[in-house]
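Dear colleague,

Please find the structure below. My notes on it follow.

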Amino acid sequence: MIDPQTVMANLAEVRAAIARAAEDGERDPRSVALVAVSKTIPPEGIRPAIAAGQRVFGENYVQEAKAKWPALREEAEGIELHLIGPLQSNKAREAVELFDVIHTLDRPSLAAALAREVQRSGRHPILLVQVNTGEEPQKGGVAPGAVDAFLAECRETHGLTVAGLMCIPPAEDPPSAHFGLLAAIARRHALPVLSMGMSADYPAAIQMGATHVRVGSAIFGARRPKG
Ligand SMILES: *Cc1c(COP(=O)(O)O)cnc(C)c1O
């Protein structure tokens, strides 16, 4: 596993790169939140980031987050947990209990399940709609042409407030076109939150208006396959 010193150094580097990209885009660096993606990273790999002041973390799997974060949350004030992986409707209850922000709302059945759990629990995680900007069949997300109708359905049928949009561009495409498309859709709907940009491309995403960048391997090192 990656050593604590390296995690801290990587984190400092990513923060500096975020600040540079924000300044290049004439934006306040504080308008860009770093979501440190800690999927597959055990608690001892995450603690150095917490010690270095990182408070916002992203996880892909509800079960993994549930196993790691209740204990880690006891160790530091102000942890904010983001779900960035696909969410099954039957995990909506656990997701609403555990996460502060859910980036992957992408279908009516999930909107219905989340609305039910919000009602039941009184907890209101911030909700982002994932947009499948590359229209890849294997990826989650609403097709760009269906976003307007889906946002209306979330609001009118399910009473949900959507705060913004998220995308994962196709690996083989230059990402900027996808970031630009996501930003344009968000602008059209006056949505303030834009979750876009990962280790390979977060400076470009910031240039195009990202408010949240999701950075994993640049902080925690290359991931091993889940064993
Ligand atoms: C894993 C993951 C990330 C982080 O990816 P890196 O390339 O390691 O920075 C960001 N967003 C999503 C949705 C992910 O699944």
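At 16% relative accessibility, Lys 39 counts as buried (buried is under 20% relative accessible area, exposed over 50%, partly exposed in between, with a 1.4 Å probe and protein chains only). This is a predicted model, in which local features need pLDDT of at least 70 and side-chain atom pairs count only at pLDDT 80 or more, while totals for chains, interfaces and linings use all residues. Residues are numbered from 1 along each chain as its sequence is written, and side-chain values use heavy atoms, with hydrogens and water left out.

Lys 39 lies in the loop between β1 (33–37) and α2 (43–51); helices (H or I, at least four residues) and strands (E, at least two) are DSSP runs, numbered from the N terminus. Leaving aside residues up to four places away in sequence, Lys 39 touches Gly 58, Glu 59, Asn 60, Glu 64, Lys 68 and Arg 223 (contact means heavy atoms within 4.5 Å). An unreviewed UniProt entry annotates Lys 39 as "modified residue: N6-(pyridoxal phosphate)lysine"; such annotations may be inferred rather than shown by experiment.

The buried residues of helix α7 are His 178, Phe 179, Leu 182, Ala 183, Ile 185 and Ala 186. Seen down the axis of α7, they fall within an arc of 160 degrees, so they line one face of the helix (the arc is that of the directions from the helix axis to the C-beta atoms). These buried residues pack against α6 (147–156), β6 (162–166), β7 (193–195) and α8 (202–207). On the other side of α7, Ala 177, Arg 187 and Arg 188 are exposed. Just after α7, Ala 190 has a positive phi of about 55 degrees.

Regards
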